[in-house]
Amino acid sequence: MRKLLALLLTVMMILTMAPAAMAEAADPIVVTVFRGDPGDQPTEDNKIYKLIEEEFGITFEIEFLAGDLDETLGTKFAGEDYPDLFDAGNSAEKAIQAGALIDLLPYISEEKTPNLWNHIKDLLPQLVNENGELFIIPNYGINYNAQIQNACNGPAFFIQKQVLAWAGYPQIKTLNEYFDLIEKYIAANPTNANGAAYEGFAILCEDWRHFCLINPVQHLMGRPNDGEVIINVNSGNWETETFIDKPYAKAYYAKLNEVYNKGLINPDTFVMTYDQYIAKLSSGTVLGMFDQTWDFGTATAALETAGMYENTYIALPLVYDEEYGYGVIEEHYLNGAVPNKDRGFGISVNCEYPERMIDLFENLLSDKWQKILQWGIEGEDYYVENGRMLMTEEQYKNRQDAAWKMANTALTIWESAPKKQGTQDDGNAWAHSDQAENYFNLMSDYDKEFLTAYGYKKPADFFNAPIELAPYGEAWQIDKSPIQDDYDKYLLIQDQWLPKVIMSANQAELDANWDAFVAEITPYAQIYTEFMQAEVLKLVEQATK
Amino acid sequence: MMIGASRKTAQRPLSSGKKLFRKLWAQKYLMLMSVPVLLYVMLFNYYPLWGWRYAFQNLDLSTIKKGAAWIGWGNFEWLFKEKLFWLGFRNTLAMSLINLVFGTTSSVLLAILLNEVNTRAFKRTVQTVTYLPHFLSMVIVVGMAQNMFVTDGPVNGILMKLGIVDAPVWWLGEGRYFWWLVGIINVWKEVGWNSIIYISTMASIDPTLYEAASIDGAGRFQRILNVTLPGIKSTFVVLLIMNIGHLMEAGFEIQYLLGNKQVYDFSQTLDIFVLEFGIQNNKYGRAIAAGMFKSVVGIILLFGANFVAKRLDEETLL
């Protein structure tokens, strides 16, 4: 009896110690994952996750964001309750600051992890922090071979395709041309076929999405997206200035005021929520807006599902007309690929198997796995003809189907993990959606006709080719948390005053509102400018050293 | 009571400890029954007070692990210098007062009206219809309100048809309407629920009082004035004192959901200020300092109201 007990105890001890000893790569483990944005759980029998489980012995337990990101993160930080793979979304800086993530560099080397090493070695000076640590490998923006740009994914002025078609496919290149066209269209077609009134121009102002209100001026002046500053990239001194308080910004808001007083802007646009905005766009009654393509993807999808292709939007790179007095401005909306610094998965300090995680990323970055993650399984999700990776219409349709994606792709992991973008060595695109044949052939007939009328093959043909990325990257990425209170107020003043300026009843009121706005924002603009100037110089120095 | 106690002491002197124990033993079942409540209060009302120490520390993300340093009144100084904090304070008080005045009068009024109705079925129906919105989530209520009050929505439609206004009113974007919108929505949502307690108080008024009043020649209004209202006075005062103690809680959801940057100067309450400049910016010390400030003001208001009620020789709470 005693022997039996001793044996039992020994067995139990071995059993309990086994997981602690952990070592062999194939031990099945469950990895907890947090994604800092809302999403849907993959299905139980998802085919790609099954492959991952077979090859790496890893299954995922995924938590998506429900509610407010900063609040959710706050509770996680307070309780030090971190998942193994931690994508803190747009507030990842906070996760780093809170010491939630481990430095990845000690795990990455040319010998041990050649794929990861190749992936980041050229960008390292830009990616590491002041102490030479790297917590997150960017989820997007690292290109292999040629960067592919079929459409504008970022900021632009958007207009419904039917408006351009109605006017006989004109080239719209300036702010005045844009609003003139919208005005004419509404005058001729005040309502749509169902009798719903058209709205000329919508401006989303809610929370952080207020970039639709406060960002356009830099683009009208011919600069890519640097957030809230314009940086002189030609002088060699990188002079950084806020633009919102300058006369050349007043010109834009005065134009909006003119448009508003013509009744083309609904005042409710300044108080609507993001959901209301998306609902409005999805109804097809908003003719134009300034936004970023990814910001209204759900509306585009809804319009396409409803077959309302004429109500979907085309991006236009507008600049100020010459008569504004800033000369002939060359547009530079498209920028070189920006490594999405500090966005994506980090490995948390609570993770028991950091090596396994690095090993996973290393393997997933191999050509074989990148094809599986981005294209799927050959023969099932795509086929190869003359060396080109192609998709049938059905395979393409599947890719648009949310339910299919949950069962047949590992999107949740792929989106936050390091990935290859651009072109494969054999000339195929890394992303199935980037492949030129797929892109044009699988477009709706309406879109094909629309582009053909312009003599174009892809929506990006409306734009100049991407310019070379400045050494500081894109300035909107700079972490403002050291001046957070002042930065918050700097934004708040813009949110409060710019709609007032736009809604001014006459020129005198507009001038008065603008002067009051400038007076109130100047002290904060100064703090912000000083901070950004120093940060930009720091980044340039890091990137060129 | 006093006399009895002193006589007892005179007869058989007992140590106070022993006396207490005897009393406790005699009431042992009552004591046992109060244990869960006591635990609840300890756990959720007193234990969190321990967290007040953070109000005097520079607790934020970078210090949360290493342990924050004591900074004295630093957080409070920051708060009291901040314009937005006082704006939040003003808005909180204003909306609370509006809620208190309109909420109380509307529910008393509804209770009186229902009390005067003799048809049981009608009374029941009205009561149910008016208290059902209480169970709706604020998200839904605000969503409905937004649809009602948009510039091309039904409210503007009706007002323009009636000729009260000649151009659509920008209800959701004009700061000066915000407090009243919140008041209206709160009344709509809570009037039925809040009137329940008054209705039940009225039901307990002795019917003979009404009869006597009638015989004395009192009409309907005089009966309301001289029987119903005095009958609910004590309930009214107790509820009023309690509500004054909660004046610093103007609600959070409704302002957060219905507010926007156009009405920010009127919609931003202390709770929203705490969220934006405390929790979201990970300055936890500030958030707790602001919470402390709220509690202290709340306690002062509560005792103040109680004191006034005492002076007026009314029923008091404490």
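Predicted model: local features only at pLDDT ≥ 70, side-chain atom pairs only at ≥ 80, totals over all residues.
**View 1. Chain A as a whole.** Welcome to chain A, which holds 22 helices and 14 strands. Its radius of gyration is 26 Å, close to the 24 Å that the globule rule gives for 545 residues, so chain A is as compact as a globular protein of that length. Along its principal axes, the C-alpha trace of chain A spans about 100 × 55 × 45 Å.

**View 2. The two domains of chain A.** Where the domains touch, five residues of domain 1 of chain A are in contact with six residues of domain 2 of chain A. On the domain 1 side, the elements giving two or more residues are α4 (92-97) and α6 (124-127) of chain A. That side has one nonpolar, two polar and two charged residues.

**View 3. Helices α12 and α13 of chain A.** Here helix α12 (residues 274-283) of chain A packs with helix α13 (residues 297-305) of chain A at an angle of about 30°, and their axes are 8 Å apart. The two helices α12(A) and α13(A) are therefore roughly parallel to each other, and their crossing is right-handed. To find the contact, look for I278(A), L281(A) and S282(A) in α12(A), which meet T298(A), A299(A), A302(A) and L303(A) in α13(A). By class, the residues of this contact are five nonpolar, two polar and no charged.

**View 4. Helices α11 and α15 of chain B.** Moving to chain B, helix α11 (residues 220-245) and helix α15 (residues 284-311) pack at an angle of about 155°, with their axes 7 Å apart. Helices α11(B) and α15(B) are therefore roughly antiparallel to each other, and they cross in a right-handed sense. From α11(B) come V237(B), I241(B), I244(B) and G245(B). They meet G298(B), L301(B), L302(B), A305(B), N306(B) and A309(B) in α15(B). Sorted by class, the contact of α11(B) with α15(B) has seven nonpolar, three polar and no charged residues.

How values were computed. Residues numbered from 1 in each chain as written. Chains lettered and ligands numbered in written order. Axes fitted to C-alpha atoms, helices over the stretch in contact; angles between N-to-C directions. Helix = DSSP H or I, 4+ residues; strand = E, 2+ residues; numbered from the N terminus. Parallel < 35°, antiparallel > 145°, perpendicular 65-115°, else oblique. Left-handed = near helix turned anticlockwise from the far one by under 90°. Contact = placed C-beta atoms within 7 Å. Nonpolar A, V, L, I, M, F, W, Y, C, P; charged D, E, K, R; others polar. Rg over C-alpha atoms; globule rule 2.2 N^0.38 Å.
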